[in-house]
Amino acid sequence: MSSSPPPPVTSRHLLVFPYPAQGHMLALLDLTHHLASHGSFTITLLVTPKNLHLLQPLLQIHPSVQTLVLPLPSHPKLPIGVEHVSHIGNHGNFPIMAALRQLHDPIVEWFNSHPSPPVAIISDFFLAWTQHLADHLQIPRVAFYSISTFLIHVMNSCWVHIKSDHFRSSPVIQFGEIPKSPSFRKEHLPSLVRLYQDSDPDWNLLREDALCNTSSWACVVNTFENLEHEYLEHLRKLRGEGRVFGIGPLDIVGAAEDGRNPIRESSSEILTWLDRCPDDSVLYVCFGSQKQLNPQQMEALASGLEKSGTRFVWVVKTIHRTNGGSDGIPIGFEDRVSDRGILARGWVPQVWILKHRAVGGFLSHCGWNSVLESIVAGVTILGWPMEADQFINARLLVEELGVAVRVCEGANSVPESDKLGKIIAESFNGDTPEKMKAKALKREAVEAVRPNGSSWKDMQDLVNKLIQLPVS
């Protein structure tokens, strides 16, 4: 166990515990940046050794932020050395969550030996067992949700009813207690729900933990009022007034006046390439840090992009295949589209690409971080939900908000390239309804985080509640 020097007793000490997955961690680090900038808090960030480097942009700006580095306990279903979901894929969430649960006692030991222990824990909703930890330490816990409020309701309902005969036998699940009474095919429910095994004690512990999220002292959601008003109001009714805070989009909450977020800063040759493109002329294509398309999907997507005639930036995961070109890209594709397309391998500054004036659309898996980043950029989403929360998010975007168009659906589905090319081309042909609604939603997102906006007010309320916590 290693930790940084203790914080001064004059400030409110907060223990922040992010979950080691890109979409979860980025948003909570954005919140941590805002709290650290406030000046009323001393913050300790808890990570495992191989995730410490992910904190460096934040720690460079806020050297006062402490770190608590604890070794990740082993788990029989977790390969040795894996400490981040991106290194194993979405199916690795369960063993990582189970392994992290074993940090309960080391955290208690650290807390009891600390001269000025935390007055509250802010932890990811995937770390719901920290509610038991907070109860044991007799301090409040803030549950942080890097997902939509809509999904919060869906997941909680699933965990409540997952053992029922109806849930087990029905191919379609109706959520009558949620506003608008949505229904989803079982294969479109969140991955953790679909993978649940009633016979496995670890899975039952995970379910019991997840239900404890409803007992948190407060819950913070990376969303904003005009995006999910009805679902936020429903959550407030369930949790009680003064306990729910919609404070997003968090990537612009921490931004400076020029719109730049210092903990997400990066330069890229892609941005230089975009500088040479006309406004709203480029499609950005990216499916997140976990998903790798299969060869048939790669070929169909490449063909669709080629047939669309549209400029594009396509982010591909670095792999090597024998039945095609480098990274699974069809042989000759890059040469044929070199005048209007660029392929990026590895990490790219997604936020800044989406915000670039040349980018007018985003072909996305509809992960919540990507959704919010596209909303802030005001670009149309071409949705291809595959797993996790993505089907729920796609429904919200397409059917309720009207800012997205579905182009495909499913982790193994292969789009028809002619149809895909046509949809891409049409989405860049003039002011489509989706494009107009996306630009309007961008204005609402920006207004939400400005002084007296809904997210600004909720953030102020959250900070005030944390400041008022008693120091032991």
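What is the order of the strands in the open sheet of six strands? The order is E13-E12-E11-E14-E15-E16, and the pairing is parallel. Before I go further: this is a predicted model.

Look at the edges. Strand E13, 341-345, stands at one of them, and strand E16, 404-406, at the other. Each has a single partner strand, so one side of each is left without a neighbour in the sheet. From one strand to the next, the twist averages 20 degrees.

Now the E16 side. Its pairing with strand E15, residues 380-383, is parallel and runs over three bridges. Within that pair, Leu382 stands opposite Val405 of E16.

Two helices to point out on this sheet. Helix H13, residues 295-308, packs on the sheet and touches strand E11 (282-286), strand E12 (311-316) and strand E14 (359-364). The direction of H13 makes about 165 degrees with that of E12. H17 packs on the sheet as well, touching E15 and E16. Against E16, the direction of H17 makes about 115 degrees.

For packed helices, the description is the angle between the axes and the distance between them.

Which helix axes come within 9 Å and cross at roughly 130 degrees? Those of helix H6, residues 149-161, and helix H17, residues 390-401. H6 and H17 are therefore oblique to each other. Their crossing is right-handed. On the H6 side, the contact uses Phe150, Leu151 and Val154; on the H17 side, Ile392, Arg395, Leu396 and Glu400. By class, that contact has five nonpolar residues, two charged and no polar ones.

H6 has another partner to show. Helix H10, residues 225-239, packs with H6 at an angle of about 50 degrees, and the axes are 8 Å apart. That makes H6 oblique to H10. H6 contributes Thr149, Phe150, Ile152 and His153. H10 contributes Glu228, Tyr231, Leu232, His234, Leu235, Leu238 and Arg239. This contact divides into six nonpolar, three polar and two charged residues. Note Phe150: it is in the contact with H17 and in the contact with H10.

Next, a single residue. Is Phe184 buried or exposed? Phe184 is buried, because its relative accessible area is 6%, and the cut-off for buried is under 20%. Its place is in strand E8, residues 183-185. Leave aside neighbours within four places in sequence. Then the contacts of Phe184 include Phe150 and Val154, as well as Ile392 and Arg395. Other contacts of Phe184 include Pro171, Val172, Phe175, Leu189 and Phe391. Ile173 is a contact too. Phe184 and Ile173 are eleven residues apart in sequence, yet 5.5 Å apart in space, C-alpha to C-alpha.

Last stop, another pair of strands. How many bridges join strand E2, residues 12-17, to E3? Five, and the two strands run parallel. His13 stands opposite Thr42 of E3, and Leu15 has Thr44 as its bridge partner.

Both strands are largely enclosed by the rest of the structure, because five of the six residues of E2 are buried and so are seven of the seven in E3, residues 41-47. In E3, Phe41, Ile43, Leu45 and Val47 point one way. Thr42, Thr44 and Leu46 point the other way, and all of these are buried.

That's my tour. Over to you.

Conventions
Residues numbered from 1 in each chain as written. Predicted model: local features only at pLDDT ≥ 70, side-chain atom pairs only at ≥ 80, totals over all residues. Heavy atoms only, no water. Axes fitted to C-alpha atoms, helices over the stretch in contact; angles between N-to-C directions. Helix = DSSP H or I, 4+ residues; strand = E, 2+ residues; numbered from the N terminus. Parallel < 35°, antiparallel > 145°, perpendicular 65-115°, else oblique. Left-handed = near helix turned anticlockwise from the far one by under 90°. Contact = heavy atoms within 4.5 Å. Nonpolar A, V, L, I, M, F, W, Y, C, P; charged D, E, K, R; others polar. Buried < 20%, exposed > 50% of the residue type's maximum accessible area, 1.4 Å probe, protein only. Pairing = 2+ DSSP bridges.
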